Amino acid sequence: MTVGATFANMRKLAILAWLLLMVQGLQAQKWDLRRCVEYAMANNITVQQNQVQERLNKLIWQQSRDGRWPSATFQSSAGEQFGRSIDPATNQFTTNQITFTNLALQSGVSLFNWFSQRNTIEANRLSYEASQQQTKKVQDDIALNVSAAYLQALLAYEQQRAAEIQTRQTEEQLKVTRLRVDAGAVPELNAAELEAQLARDSATIISAQSTYLLNVLQLKALLMLDAATPFELETPPIESIPVVPLADLEPQMVYEQALGVRPLLSANQLRYQAATKQVEVAKAGMYPTLSAFANLQSAFSSALAQVPKGANITTVIPTAAFVNVGGTNYFVNSPVSRPQSFEKATIFRQFGYNFRQGLGLSLQVPIFNGHQARTQWKRAQENQQNIALQMRADSLQLKQDIYTAYQNAINAMATWQARQKTLRTAEYSYSLGRQRYEVGLLPVIELITLQTNVQRATIDALTARYDYVFRTKILEFYRGNAVGL
């Protein structure tokens with residue numbers, strides 16, 4: 001093998017090792033709740049759609065601001081005329097074939113339109129800000145959904161751990177029982193019943209693992225993450241999750257705080273203000289509009305052979321008319337202004353010769369248009385009223401949700417406390433039962449029942465604990481706190 005071939009193989013091995021390290025790094029990287037929420041906000045399609053609408057509303061607002069400036073339009077046309085037509089340069093009838101070119105620059109600006117333009121700009125600005133708040137509202141909803149899915153996955157993981165602990169306990173009991181069976185201290189039935197219990201515990205582990213994996217897949221779906229992507233959940237102990245005392249989450253206080261921080265309410269308020277401005281815009285459409293205009297024009301015609309050159313001079317020429325004075329006829333002379341000379345009418349000379357300007361004012365007064373303007377005004381008023389009703393409905397719904405969340409939190413806390421007591425009782429009963437079983441005073445089936453009660457109580461206590469944490473996090477969320485564990 002040559003040195004070059006050896007070097008190439010070493011290079012391939014180095015690249016392969018680097019790729020393996022990268023894959024292991026990806027697999028080892030864990031996802032906590034904050035990372036899940038940030039990733040979901042950055043990749044969720046609904047958020048991206050709202051951000052697109054937000055940018056569109058910003059463009060509309062910017063365009064309405066730019067509409068305050070005067071407009072300017074340049075027009076140009078060129079062609080051939082045949083038959084009897086008007087010469088665009090001389091404005092006279094002709095039957096000659098003419099090649100023509102017209103140039104025009106026009107400008108206009110609105111001077112007064114009953115503040116329609118100003119109110120339009122303000123309405124578009126408010127609509128843009130409302131779309132920003134709507135995006136935040138969608139992000140908040142996603143954060144809440146991701147938090148619920150994250151806590152559900154954590155619960156499934158804890159249930160899996162509880163099942164594994166229960167299985168290890170059963171294995172230890174089976175080992176001890178098998179030794180006692182071999183020694184002839186207890187019948188073979190005891191070992192058989194524990195083996196059956198071990199099989200049930202193993203099935204419970206498989207079921208818990210399946211539930212955990214399904215919850216992780218659901219969380220991936222909320223994150224818009226590919227289902228095949230390596231994913232390991234950060235599993236903080238439930239005891240380490242900070243929880244605000246319910247005494248600090250009184251519903252009326254939470255509601256008053258939510259009124260100032262919830263994006264939906266802010267978006268509704270901005271939409272109502274924008275609708276108020278739209279009412280003024282529609283009302284202005286029923287009043288006169290004063291505008292100013294200006295234009296610059298020029299033209300070229302192939303029918304025009306010469307254009308004047310130099311200043312005009314005035315000469316006196318006789319006319320056919322005469323007057324009789326004392327029997328003598330005197331012809332009447334008329335002064336005529338004529339150019340000093342003429343020059344060839346090239347295209348650029350004609351543009352200068354035919355150059356003309358215009359400046360003026362325009363007043364547009366709506367008299368009757370089939371009640372379109374008045375109907376538009378009334379529609380704007382109805383839209384404003386509809387938004388006001390939506391604001392009231394959302395405010396009432398928010399208050400209802402907060403009070404419901406508070407009551408659910410109280411119920412969850414009571415349930416958690418009750419199930420903690422049940423768990424302590426089950427663990428104590430199991431410890432007593434195990435002592436009696438070890439001295440041969442308790443049948444194995446009763447020991448298995450006590451063990452099953454402990455497992456069920458453990459899972460119920462975990463479920464109640466996670467439910468209580470989630471209920472309090474919802475109340476913190478309504479207060480404006482960021483979602484996090």
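**Aromatic rings in a predicted model**

Trp-31 is buried, with a relative accessible area of 5%. The cut-off for buried is under 20%, so Trp-31 falls within that class. This residue belongs to a predicted model.

Now look at its ring partner. A pair of aromatic rings is described by the distance of the centres and the angle of the planes. The ring centres of Trp-31 and Tyr-39 are 5.3 Å apart. Their planes stand at 85°, so this pair is edge-to-face. An angle over 60 degrees is what that label needs. Tyr-39 is partly exposed, at 26% relative accessibility.

Next, turn to Phe-112 and Phe-115. Their ring centres lie 5.5 Å apart. The planes make an angle of 80°, so this pair too is edge-to-face. Phe-112 has a relative accessible area of 34%, which means it is partly exposed. Phe-115 is also partly exposed, at 41%.

These two rings belong to a cluster. Ring pairs link Phe-112 and Phe-115 with Trp-114 and Tyr-287. Across the model, the count of aromatic pairs comes to nine.

Where does Arg-65 lie? Arg-65 is over the face of Trp-61, and the distance to the ring centre is 4.4 Å. Arg-84 lies over the face of Phe-93. Here the distance to the ring centre is 4.3 Å.

Methods: Residues numbered from 1 in each chain as written. Predicted model: local features only at pLDDT ≥ 70, side-chain atom pairs only at ≥ 80, totals over all residues. Heavy atoms only, no water. Phe/Tyr/Trp six-rings, centres within 6.5 Å; stacked < 30°, edge-to-face > 60°. Buried < 20%, exposed > 50% of the residue type's maximum accessible area, 1.4 Å probe, protein only. Lys NZ or Arg CZ within 6 Å of the ring centre and 35° of its normal.
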